[in-house]
Amino acid sequence: MPEVELIMPKMGESIMEATILKWLKKEGDSVALDEPLLEIATDKVDSEVPSTHAGVLTKMLYNVNDVVPVGKAIAVIQTDESGSVKTAPAIERLEKKETTKAAISIQQPPIRPVPEKTNSAEPRFYSPLVLNISRSEGISMSELESLPGTGAENRVTKGDLLNYVRGKKEGRSGAQHPIEHQKESPEIEHKNEEYSHKAPTDGVNGNVEIIEMDRMRKLIADHMVMSKRTSAHVTSFVEADVTNLVMWRGKVKDQFEKREGEKITFTPLFIEAVVKAIKDFPLVNASVEGTKIIRKKDINIGMAAVLPSGNLIVPVIRNADTKNLVGLTKEVNDLARRARSNQLKPNEIEGGTFTITNVGTFGNVMGTPIINQPQVAILATGSIKKKPAVLETSEGDVIAIRHMMFLSLSYDHRVVDGALGGSFLRKIADYLEGFDGKREF
């Protein structure tokens with residue numbers, strides 16, 4: 001019987017490797033075409049890899065927690081098939097996903113192979129974090145190419161780059177002070193291009209529990225720290241009277257669910273208002289590359305969703321400005337459902353241009369969110385509370401019970417100044433406050 005190799009599929013344009021989380025079959029087990037064989041994790045999302053053939057799994061070439069480059073064989077399957085070999089439909093679907101990526105989202109800018117200046121024909125790759133830091137610090141690609149790397153296969157690690165940046169700021173030449181001989185400070189010690197996440201257990205007293213971060217929590221930690229290092233964060237707040245919106249939703253939600261088969265939440269209504277405001281202030285829908293502002297013409301809204309593990313992920317609603325309220329509701333609910341069941345695909349968390357996080361879900365009235373790089377702004381929506389408010393009427397001011405909420409916008413002050421950020425946030429509130437309570441859905 002012929003044997004075929006199961007190849008690690010390419011899960012996206014920028015994804016060069018994946019970590020094996022779990023084998024779903026053992027050596028000697030029978031497998032069917034398209035049957036899941038193992039679970040893998042990339043820096044984007046966890047996925048299952050299906051069998052490309054029906055047969056028997058004769059050999060597993062890697063163990064759990066091994067990191068496998070894309071294109072490498074990960075298992076051997078004995079099959080009684082003959083003739084030409086065809087790729088399984090599920091693998092084709094995985095590899096055909098369009099990946100116009102923005103950031104680790106958990107999202108990053110596209111990784112492009114850069115040839116090393118050596119005699120080797122192998123390309124040199126840079127991680128999303130290294131590329132982000134280099135852009136924010138104004139490090140040119142030629143400088144990156146000249147840096148010696150201490151990572152696997154001489155790759156430039158985050159620590160290498162931070163040492164180089166620190167050396168430049170101190171007036172030291174990278175050529176005169178090779179990076180591999182520089183001693184790193186405790187703040188930037190690293191391993192395999194990640195911050196050290198080990199808790200300082202020395203000297204810990206009392207009744208404590210030491211919890212090692214899982215893979216995704218480490219990615220989130222790196223991404224958040226990188227964002228704070230990259231962008232000059234400023235947060236503005238407004239309070240909005242959303243009584244008309246709340247009353248309208250309460251009036252139509254049963255009819256909406258009956259007709260569309262979906263529950264309408266506040267999230268698509270918030271997205272609708274954000275999209276309108278972005279059209280009024282398009283510079284908020286942008287990213288930064290060095291000293292260049294990249295204004296995005298597509299409006300792709302990321303929405304923070306909670307995973308079963310408690311971690312957050314940001315699926316993206318592409319071209320949100322082309323969808324009506326029904327379309328937004330269906331997509332929001334679908335992405336939220338599949339986020340909770342770990343069924344998101346890598347391309348569904350890429351390409352975001354603006355992010356919304358609903359801290360009101362947890363009963364919080366407001367928040368100061370961290371920008372989802374390489375975007376330049378993120379909106380936090382607080383919980384909606386009934387409060388007494390002053391209303392201006394033709395007969396004078398009155399106090400009434402209204403549905404009020406806080407909106408907070410964190411923005412990158414390198415691109416978005418206070419006037420733009422404040423005006424944009426106020427415009428979102430205006431659209432929510434001016435919601436037509438008589439509209440059809």
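In this predicted model, strand β22 is joined to strand β23 by a hairpin that runs through two residues. The two strands, β22 at residues 385-393 and β23, run antiparallel and are linked by nine bridges. One of the bridge pairs is formed by T393 and its partner G396 in β23.

Strand β13, residues 233-241, pairs with β23, residues 396-412, in the antiparallel sense over nine bridges. Within this pairing, D241 lies opposite M404 of β23. Strand β21 also pairs with β23 in the antiparallel sense, over five bridges. Here I378 stands opposite S410 of β23.

**Two open sheets**

Which strands form the open sheet that contains β1? Four strands make up this sheet, in the order β1-β8-β6-β3, and their pairing is antiparallel. Strands β1 (3-7) and β3 (30-31) stand at the edges; each has a single partner strand, so one side of each lacks a neighbour in the sheet. Strand β1 pairs with β8, residues 73-78, in the antiparallel sense over five bridges. V4 has I77 in β8 as its bridge partner.

A second open sheet of four strands has the order β5-β4-β2-β7, again with antiparallel pairing. Its edges are held by β5 (46-50) and β7 (67-69), each with a single partner strand, so one side of each has no neighbour in the sheet. On average, neighbouring strands of this sheet are turned by 45° against each other, direction ignored. Strand β2, residues 17-23, pairs with β4 in the antiparallel sense over four bridges. In this pairing, W23 stands opposite L38 of β4.

As a general point, the side chains of a regular strand alternate between the two faces of the sheet.

| Strand pair | Sense | Bridges |
|---|---|---|
| β22 and β23 | antiparallel | nine bridges |
| β13 and β23 | antiparallel | nine bridges |
| β21 and β23 | antiparallel | five bridges |
| β1 and β8 | antiparallel | five bridges |
| β2 and β4 | antiparallel | four bridges |

**Helix packing**

Helix α7 (residues 267-280) packs against helix α9 (residues 418-433) at an angle of about 130°, and their axes are 9 Å apart. That angle makes α7 oblique to α9. The crossing in which α7 passes α9 is right-handed. On the side of α7, the residues that meet α9 are L269, F270, A273, V274, K276, A277, I278 and D280. Their counterparts in α9 are F424, K427, I428, Y431 and L432. Sorted by class, this contact of α7 with α9 has ten nonpolar residues, no polar residues and three charged residues.

At what angle do helices α6 and α8 pack? Helix α6 (residues 243-260) and helix α8 (residues 325-340) pack at about 75°, with their axes 13 Å apart. The two helices are therefore roughly perpendicular to each other. From α6, the contact is made by W248, F256, R259 and E260, and from α8 by L325, V326, T329 and K330. By class, the contact of α6 with α8 has four nonpolar, one polar and three charged residues.

Most residues other than glycine have a negative phi, and most peptide bonds are trans. D34 is located in the loop between β3 and β4 (36-41). P374 is found in the loop between β20 (354-358) and β21 (377-381).

**Confidence of the model**

The protein chain has an average pLDDT of 82, and 79% of the residues score at least 70. Over residues 83-90 the pLDDT is below 50, and this stretch has twelve contacts in the model beyond near neighbours in sequence. Over residues 95-122 the pLDDT is also below 50, and that stretch has 94 contacts in the model beyond near neighbours in sequence.

Conventions:
Residues are numbered from 1 along each chain as its sequence is written. This is a predicted model: local features need pLDDT of at least 70, side-chain atom pairs count only at pLDDT 80 or more; totals for chains, interfaces and linings use all residues. Side-chain values use heavy atoms; hydrogens and water are left out. Axes are lines fitted to C-alpha atoms, for helices over the stretch in contact, and angles run from 0 to 180 degrees between N-to-C directions. Angles under 35 degrees count as roughly parallel, over 145 as roughly antiparallel, 65 to 115 as roughly perpendicular and the rest as oblique. A crossing is left-handed if the near helix is turned anticlockwise from the far one by less than a right angle, and right-handed if clockwise. Contact means heavy atoms within 4.5 Å. Ala, Val, Leu, Ile, Met, Phe, Trp, Tyr, Cys and Pro count as nonpolar, Asp, Glu, Lys and Arg as charged, and the others, Gly among them, as polar. pLDDT is the predictor's confidence in each residue, from 0 to 100. Two strands pair if DSSP finds at least two bridges between them.
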